[in-house]
Amino acid sequence: MSTFVRGLKCRLCSKTYPAEPLNFCTDDFGPLEVDYDYEGIAESISREKIELRPFNMWRYRELLPIDGEPTVGALVGGTPLVKANRLADELGVENLWIKNDAVNFPTLSFKDRVVSVALSKAREFGFTTVGCASTGNLANSVAANAAAAGLESYIFVPSDLETAKILGTSVYGAHVIGVEGTYDQVNRLCTQVAFKYGWGFVNINLRPFYAEGSKSLGFEIAEQLGWRVPQHVVAPMAGGSLIGKIHKAFHELHQVGLIDSAKCKIYGAQATGCNPITDAIKNGRETHKPVRKPNTIAKSLAIGDPADGYFANKVMRDTGGWGEDVSDKEIAEAMLLLARTEGVFAETAGGVTLAVAQKLIDLGRIPRDEEIVICITGNGLKTQDAVAPVLEKLVVIKPALEEVERLVERSSAAVLV
Ligand SMILES: *Cc1c(COP(=O)(O)O)cnc(C)c1O
Ligand SMILES: [Zn+2]
């Protein structure tokens, strides 16, 4: 397999660097991004060639930044795009899809996409120890994928994270370290650790490669719609990377001749308890004010000072999209709505995304008769505490038919009145 990667490029000043484990420009500290030879890719890629490959994220390998075959996460991606007619009826829209990354392999969130690229690249660079700063899903994914690849891993998380997310990291034999502090404090600590020990931190020194993995979600949406983009995409924002990469994915597909148009309005979703990016766009500011103490049940999105906040804001404005945020109550209700209408149990981040979509539709920002894709990025089994308080308690009966009859008749009576 040959690579079409030219190197890295600063997103602010365009200075170029070789492909190495480095995430910022030494001149202006701007974030670095992978730079590709798109003409070469256009010549070598075709819809037919892609369609013959297995349905996982690596079928778009020409547009992903590793040199050889993927050695980590070779089966990640290929998640369903579900036509959501029952949910569409509830929201009063005509044409709605759910991109369901809650069933991504192996750790049930879209983070498996970024980790598979980051760890494959880590191996190409020769790292044997990897790590991350995480709000939960990244921890699960780095731990699992590192275990399967025989890499040692150090995972740093805020110590108040959901039990399921901590357990779902330790189980893989990772070194899990709970830090008393916010995600931003964890992240700063990890920058020092990466430097001191020379480890490969997926979202720090490997970040330019890591971030590219998110594009595969966008590639899949376009292919699953029959090689075209929808009019509207709603996606959640934590560090603000995913939303920009969906946009980049559509543009790359267009640039290499796989789709006719990349025109799509992109909307970002946050929780009101940690809304630095949506607060900025709603108040007409280009840069965000960091949220010092995030306070929301959507812990996976609780990044107070998002690394890609500026770029996320720009993508929403440049595409004609928008950003909104919702309360914890709206998040829990949306989780239940999605489960009840489509049989999809999303984590809190999914509740954020759906509730924001609903709000944007109600506000008239997204027209009811146009095509909408909502990105569900994580699984509800990891954040059960968010919905437990609003669900009815388990009904318990004796093993006798009369008890069932009494229940059934009571509930049909309830329906009648
Ligand atoms: C990390 C994460 C996101 C957002 O990712 P960014 O690229 O940091 O904005 C969205 N949903 C879930 C479930 C996540 O874990
Ligand atoms: Zn620069």
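**View 1. An open sheet of four parallel strands.** In this predicted model, 4 strands form an open sheet in the order β8-β7-β6-β9, and the pairing is parallel; two strands count as paired if DSSP finds at least two bridges between them. Helices (H or I, at least four residues) and strands (E, at least two) are DSSP runs, numbered from the N terminus. The edges are taken by β8 (175-179) and β9 (200-201), each of which has a single partner strand, so one side of each is left without a neighbour in the sheet. Strand β7 (residues 152-158) pairs with β8 in the parallel sense over 5 bridges, and the bridge partner of P158 in β8 is V179.

Residues are numbered from 1 along each chain as its sequence is written, while chains are lettered from A and ligands numbered from 1 in the order in which they are written. Because the model is predicted, local features need pLDDT of at least 70 and side-chain atom pairs count only at pLDDT 80 or more, whereas totals for chains, interfaces and linings use all residues, and side-chain values use heavy atoms, with hydrogens and water left out.

View 2. Not counting residues up to four places away in sequence, Y154 touches T129, V130, G131, C132, H175, I177, W199 and F201, where contact means heavy atoms within 4.5 Å.

View 3. The zinc ion (ligand 2) is coordinated by C10 (SG), C13 (SG), C25 (SG), D28 (OD) and D28 (OD), at 2.3 to 2.5 Å. Donors are N, O and S atoms within 2.8 Å of the metal (3.2 Å for Na, K and Ca), and water is not among the atoms, so sites may look incomplete. Along the chain, the donors of this zinc ion follow the spacing C-x2-C-x11-C-x2-D. C10 is buried, with a relative accessible area of 4%, whereas C13, at 36% relative accessibility, counts as partly exposed; here buried means under 20% relative accessible area, exposed over 50%, and partly exposed in between (1.4 Å probe, protein chains only).

**View 4. The nonpolar cores.** A nonpolar core is a set of buried Ala, Val, Leu, Ile, Met, Phe, Trp, Tyr and Cys residues joined through side-chain atoms within 4.5 Å. In soluble globular proteins, nonpolar side chains tend to be buried together. The largest nonpolar core has 106 residues, of which L87, L96, I246, F250 and V352 touch the most other members. Helix α14 (residues 348-362) gives the most to this core, with 8 residues. A second, separate core of 24 residues includes A118, F127, V130 and A139. Beyond the residues up to four places away in sequence, F250 touches G218, I221, A222, V229, P230, V233, I259, A262 and C264.

**View 5. Salt bridges between parts of the chain.** A salt bridge is a side-chain nitrogen of Lys or Arg within 4 Å of a carboxyl oxygen of Asp or Glu, and by this rule the count comes to 30 salt bridges. The side chains of R113 and E220 meet in one of them (2.9 Å, N to O). R113 lies in helix α4 and E220 in helix α9, so this pair ties together parts that are 107 residues apart in sequence. R113 is buried at a relative accessible area of 0%, and E220, at 0% relative accessibility, counts as buried. D308 forms a salt bridge with R207, the closest N and O atoms being 2.7 Å apart. Since D308 lies in the loop between α11 (276-282) and α12 (309-319) and R207 in helix α8, the pair ties together parts that are 101 residues apart in sequence. Salt bridges that share partners join R11, E33, R207, E212, K215, K245, K248, E252 and D308 into one network.

View 6. At 1.5 Å a residue, the 15 residues of helix α13 (residues 328-342) should span 21 Å, and its end C-alpha atoms are 21 Å apart, which agrees; the expected span is 1.5 Å times one less than the number of residues. I331, A332, A334, M335, L337, L338, T341 and E342 are buried in α13. The helix is followed by G343, whose phi is positive, near 70 degrees.
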